[in-house]
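The report below describes one protein model, moving from side-chain pairing to the sheet, the cores and a few local features. Please read it alongside the sequence and the coordinates.

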Amino acid sequence: MLPDERQVVGGGFAMSARPSAVDTRAYHAGGVGMLTVAISGSPHSEWLVEQAEALAARLGVPWEALHVETPRADRDSPRGQRAAVALATAARLGATIARVPAASAADGIQAHLRTMPIRHLVLGHAAEGRRTWFRGPGTADRLLADEEGLAIHRFTHAREESRGRLNGAARPAASVPVRHYLLSAAAVALTLVIAGLLQAFVGLRPLDLLFLFPVIAVAARLGLGPALLAVALAVLGYNYFLMRPLNAFSLQAPLNVVMGAVLGAVAIYTSTITARLRGRLVLSDRSAHENASIAALAQKLTRDADWETTARTVCEHVHRLFDVQATMYREVDGVICHVASIPSETRLGPVNQAALDWAWAEGEAAGVGTAVLGAADWQFHPLKTSLGTLAVLGIARDDGRDPVNAVQKLLLHTLIAQAALAHERLRLEDRMRGSSRA
C-alpha cells in the first residue's frame, strides 16, 4: 500500500509527504529487499528519517540511513551537523548507518545501490535537488532510468520559499582573508611592471595576454573573490599604464570590454574547477586516512599476543583517531576487570558502572549518546563475536558530550569489529592452551 498523503506543520513551515507519479510507476518493483533513506543534511532531514521509519514498518522491511559525503560537504558546517543529528535519530530508531564518499549525491546513491539489496529508496526534496533550466534530470529521474526494480518514495516540502529561507540562513558566509586580496593586487602590480618594461625596452604590443597569468594563479590559489579583484585591477592598470593614450582612462574602449570579459570568464572557470578538485582531494584524503587507520589497527592487532597489549592498542588507536578517552574491560574469573586506559586510568561512578554492566550483559551499547543510561559520562560498546561478548570498550569526552558523532560512528563500529576479531583470536588461543594442558 502506498503511503497516505499527510500534512505536517512544525517549526514555522509545512511539509507534505506523498509519492509522485514517478514513484507510483516504480513502486511495484519485484522483491522485498531493504529500504534506504538518503540523508542530505537539510533542515527537514530528521522529519524524513521519521517518515522512512514509518514506511519501513508499514512495508515490513529492514531499513538504513545513507549519507553521501561529497567534496562540498563539511562535517563541521550546519548542514553536516544536521546530517549527523539525523543519522543519530535513525540509529536510535533502529536503522543501520551507511556513509559513502562520492563526487555527487546521485553517484554515491548509485554506487551504494550496486552493493546492497535495496528495493525502496526514500528521497527528500533537498536530496534530489531543484530542476532549473541549466540542470539535467534530478536524482530520482536518473535512478529510475538506470536502476531496475527500484521503488522511489519522494517526500517534498509544500512551501518552497520557507525552505529556501531556512537553508540560506543556515549556510555560513565564506570569509576570505584580507591578505589574499593584497596578494592578488601585488600579482597584478608585478605583471604591470613586467609589461611596462617589455613595452619600454622591447616594444612588444599588445601585452594584455600577460594578465592571464596572475588571474589564473590567483583564481587557482586564492579563490574567486581575489581573482575578480585581479581582473578589475588588470583592466584598469592596462587601460591607464599601457594603452594609448597613456596615463588616462578610456574604459569605453572595446579592448577593455573584451579583456574584462575574457579575464572574468577565465577567473570564474579556473576557481570553480580548482574548488571542485580541491574538494575531491580533501574527500579522498579523508577516506584514505580512515581506511589506513583501519588497516593499521588490523596489522598491529595481529602482532599483539596477550589481552593487555591488545586492549592498550585498541585504546591508543581510538584515542588518537577520535580524540577521546578510551578504556577497556573484560571478564576474568567471573568478574569484569579493567584492562587498559588511554590517556590515564579512570574510575567509574555508579551510573557509568551500571552502563558498563548493561553493555556486558545485554551486548548493546549503553551510556551517553545512547538510549540506555544516557545520563552516564561514558559510552560503552561491547566487543561481540560468535563466542559472545569478549570485552567492552568505553569512550568519553571531557565535556560530557556524545564522544563520537553519527558520521564518525560508522568508522568507530568498523574499528570495534576489528578489535572484536582480535579478542576472539585471544579467546580461542586460551582455549587451545587449556586443552593442551588437559
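## Salt bridges, sheet and cores

Arginine 312 counts as partly exposed, at 41% relative accessibility. This value, like every other in the report, comes from a predicted model. The side chain of arginine 312 takes part in a salt bridge with glutamate 316, in which the closest N and O atoms are 3.3 Å apart. Glutamate 316 also counts as partly exposed, with a relative accessibility of 32%. Because the two residues are four residues apart in helix H12, about one helical turn separates arginine 312 from glutamate 316. An α-helix has 3.6 residues a turn, so residues three or four places apart point the same way.

| Salt bridge | Closest N to O |
|---|---|
| Aspartate 399 with arginine 401 | 2.7 Å |

Aspartate 399, which forms a salt bridge with arginine 401, is partly exposed, with a relative accessible area of 47%. Arginine 433 and aspartate 430 lie three residues apart in helix H14, a separation of about one turn of the helix. Both are partly exposed: arginine 433 has a relative accessibility of 37%, and aspartate 430 has a relative accessible area of 33%. Through salt bridges that share partners, Arg425, Glu429, Asp430 and Arg433 are joined into one network.

The sheet is considered next. Five strands form an open, antiparallel sheet, and their order across it is S9-S8-S12-S11-S10. Strands S9 and S10 (366–367) are the edge strands, each of them pairing on one side only. S8 and S9 run antiparallel and are joined by seven bridges; within this pairing, methionine 328 has alanine 340 of S9 as its bridge partner, while valine 332 stands opposite valine 335 in S9. The two strands form a hairpin with two residues between them, and in the turn aspartate 333 has a positive phi of about 55 degrees.

Helix H13 (residues 350–362) lies across S8, S9, S10, strand S11 (379–385) and S12, and runs at about 150 degrees to S12.

Which residues touch the most other members of the largest nonpolar core? They are Val318, Phe322, Met328, Leu383 and Leu393, in a core of 26 residues. At least two residues of this core are supplied by each of helix H11 (254–303), helix H12 (307–322), strand S8 (325–332), strand S9 (335–342), strand S12 (388–396) and helix H14 (406–437). H14 gives the largest share, seven residues. Leucine 383 can be followed in detail: leaving aside residues up to four places away in sequence, leucine 383 touches Met328, Gly388, Thr389, Leu390, Ala391, Val392, Leu393, Ile416, Ala419, Ala420 and His423. A second, separate core has 21 residues, among them Leu207, Ala227, Val235 and Met243. In soluble globular proteins, nonpolar side chains tend to be buried together.

The remaining features belong to an earlier part of the sequence. Helix H3 (residues 78–92) has 15 residues, and its reach of 21 Å from first C-alpha to last is close to the 21 Å expected at 1.5 Å a residue. The buried residues of H3 are Gly80, Ala83, Ala84, Ala86, Leu87, Thr89 and Ala90. Glycine 94, which follows H3, has a positive phi near 105 degrees. Although arginine 99 and valine 68 are 31 residues apart in sequence, their C-alpha atoms are 5.8 Å apart in space.

Key:
Residues are numbered from 1 along each chain as its sequence is written. This is a predicted model: local features need pLDDT of at least 70, side-chain atom pairs count only at pLDDT 80 or more; totals for chains, interfaces and linings use all residues. Side-chain values use heavy atoms; hydrogens and water are left out. A nonpolar core is a set of buried Ala, Val, Leu, Ile, Met, Phe, Trp, Tyr and Cys residues joined through side-chain atoms within 4.5 Å. Buried means under 20% relative accessible area, exposed over 50%, partly exposed in between (1.4 Å probe, protein chains only). Contact means heavy atoms within 4.5 Å. A salt bridge is a side-chain nitrogen of Lys or Arg within 4 Å of a carboxyl oxygen of Asp or Glu. Two strands pair if DSSP finds at least two bridges between them. Axes are lines fitted to C-alpha atoms, for helices over the stretch in contact, and angles run from 0 to 180 degrees between N-to-C directions. The expected span of a helix is 1.5 Å times one less than its number of residues.
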